Amino acid sequence: MALRIGDTVPDFTAETTEGQISFHNWLGEGWGVLFSHPKDFTPVCTTELGEAARLKPEFDKRGVKIIGLSVDPTDSHHAWAKDIEETQGQALNFPVIADHDRKVADLYDMIHPNASETFTVRSVFVIGPDKKVKATLTYPASTGRNFDEILRLVDSVQLTAKYSVATPVNWKQGDDCIIVPAVTDEQAKEKFPGGWTALKPYLRIVPQPGKES
Ligand code: BEZ
């Protein structure tokens, strides 16, 4: 069955470009983003992995480990990494799982047989320190993901986890946030001593908590 928001992510051991990992141990106490790509030596995937590597410092800043996956073996990943560096100007700097037996792809429902019997779709799992799914994205093989959007998504779910705020439509880092409905006005007085603007009783706007000035 598909993994859903709030589910605990399945643990597994796997070969990666950085050696064998046990996934829950590898995640440790922090956040993680696991993303699949359909196949090595394909054009869109090449651009995605270069961009993910370029943005790794941004994920690091947020305490998020990133890890890729495709159903190719490690020697293929290593050979392809040279092409990624050559064409994208960025060396791989995070592990890529060699899921040649599709063990992880099956566990995480990354193969959608009506799209392809053999390749994974472009799945993204944002995983919290509690090892639970905080968000997922699924794109077809033909559409490269926007890794800035994945960072924006991480920022949003981290704000919710830390401050009990939600983020409105088209929110960007630094924009105002919304107090989640589960927080009563009484609780909000403690959490947001600077106050909030209530456009409706259920629509309470606060400056982004913890915003760097
Ligand atoms: C790509 O990464 O370019 C790709 C992979 C599989 C199908 C279509 C595109």
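Reader: Let's start with D155. Is D155 buried or exposed?
Author: This is a predicted model, so keep that in mind. D155 counts as buried, because its relative accessibility is 10% and the cut-off for buried is under 20%.

Reader: OK. Where is the place of D155?
Author: D155 is in helix α6, which covers residues 147–163.

Reader: And which residues does D155 touch, leaving out those up to four places away in sequence?
Author: R62, W171 and Q173.

Reader: Which residues are closest to its centre?
Author: D155 again, along with Q173, Q208, G210 and E212. The largest pocket is lined by 15 residues.

Reader: Which elements give two or more residues to that lining?
Author: Helices α3 (56–61) and α6 do. The largest share comes from α6, with 5 residues.

Reader: What about the lining by class?
Author: It has 7 charged, 5 polar and 3 nonpolar residues.

Reader: New topic: rings. How many aromatic pairs are there?
Author: The count comes to 8. One of them is F12 with F23. That pair is stacked, with 4.6 Å centre to centre and 15 degrees between the planes.

Reader: Which parts does the F12 and F23 pair tie together?
Author: F12 lies in the segment before β1 (13–16), and F23 lies in helix α1 (residues 23–27). So the pair joins parts that are 11 residues apart in sequence.

Reader: Are F12 and F23 buried or exposed?
Author: Both are buried.

Reader: How far apart are the ring centres of F23 and W26?
Author: They are 6.1 Å apart, and the planes are at 15 degrees, so that pair is stacked.

Reader: How are F23 and W26 placed in helix α1?
Author: They are 3 residues apart, which means about one helical turn separates them. W26 is buried, and so is F23.

Reader: Last one. What sits over the ring of W26?
Author: The charged end of K65 does, 5.0 Å from the ring centre.

Note on methods: Residues numbered from 1 in each chain as written. Predicted model: local features only at pLDDT ≥ 70, side-chain atom pairs only at ≥ 80, totals over all residues. Heavy atoms only, no water. Helix = DSSP H or I, 4+ residues; strand = E, 2+ residues; numbered from the N terminus. Buried < 20%, exposed > 50% of the residue type's maximum accessible area, 1.4 Å probe, protein only. Contact = heavy atoms within 4.5 Å. Phe/Tyr/Trp six-rings, centres within 6.5 Å; stacked < 30°, edge-to-face > 60°. Lys NZ or Arg CZ within 6 Å of the ring centre and 35° of its normal. 1 Å grid on protein atoms, 1.4 Å probe; cavity = no way out; pocket = protein on both sides within 12 Å on 5 of 7 lines; lining within 4 Å. Nonpolar A, V, L, I, M, F, W, Y, C, P; charged D, E, K, R; others polar.
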